[in-house]
Amino acid sequence: MPESCIFCRIAAGEATAAKITEDEQTIAFLDANPLSPGHTLVIPRTHATRLEDMDPETGRAILDQLRVLAPAIEDAVDADATTVGFNNGRAAGQEVPHVHGHIIPRSRGDGGGPIHAVLPRQSPPEEEPEDIAASIATRL
Ligand code: 5GP
Ligand code: ZN
C-alpha cells in the first residue's frame, strides 16, 4: 500500500470516512466534498491506480457495489437518478490515484449535465468508425 494514498489509508482504517458498507474487496463511503448530498465513492481495498490495474474479480465486486448502492442512495436522499462514473487517469480529471467509482445523486432541474457534457461537442472523427473499432478490438 502506498503510504501517501489517502484511499489506502481509509481502507486500512488509518483515516476516517463516513463509511456506508464494505465487503472483502470493496469499501463505499461518502465523498468529503460532495457534488450533492449522498455523493458516494466505491473503492477497491487493494491499491490500483486505474480500472485496468484491478484484477477481474475486484472489478466485478466494484460494479456489484455500484449496482446495489445507486438505488439505495437515491432512496435515502430522495434523488430522481444517479450519475455513476470513473475519472480513469489524470487527463480525465482523476485527482486521487486509487480507483474510485463516483455515485452522484441527481434530481430534475439540479443544473447538472449528462456524461456527454465532459467535452464540448466535436465534429465527427476523420477515421471510419469501423477502423477505430477494429483498432481497439486488436488490442483486447
Ligand atoms: P477524482 O477527481 O479523483 O475522481 O475524485 C476524487 C474525489 O475524492 C473528490 O470528489 C474528492 O472530494 C474526494 N476526496 C478526496 N480526498 C478525500 C478524503 O480524504 N476523504 C473523502 N471521503 N473523500 C475524498
Ligand atoms: Zn491506494
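Buried residues are those under 20% relative accessible area, exposed ones are over 50%, and partly exposed ones fall in between (1.4 Å probe, protein chains only). A search of the whole structure turns up zero disulfides (pairs of cysteine sulfur atoms within 2.5 Å).

The model is predicted: local features need pLDDT of at least 70, and side-chain atom pairs count only at pLDDT 80 or more. Residues are numbered from 1 along each chain as its sequence is written, and side-chain values use heavy atoms, with hydrogens and water left out.

Turning to charged pairs, the count comes to six salt bridges (a side-chain nitrogen of Lys or Arg within 4 Å of a carboxyl oxygen of Asp or Glu). One of them joins Arg-50 and Glu-52 at 2.9 Å, N to O; Arg-50 is partly exposed at 33%, while Glu-52 is exposed at 51%. Another links Asp-64 to Arg-67 at 3.1 Å, N to O. Both of these residues lie in helix H2 (residues 56-77), three residues apart, about one turn of the helix; helices here are DSSP runs (H or I, at least four residues), and strands are runs of E of at least two.

Asp-80 also pairs with Arg-108, with the closest N and O atoms 3.5 Å apart. Arg-108 is exposed, with a relative accessible area of 73%. Finally, salt bridges that share partners join Lys-19, Glu-22 and Arg-45 into one network.

Key:
Chains are lettered from A and ligands numbered from 1 in the order in which they are written.
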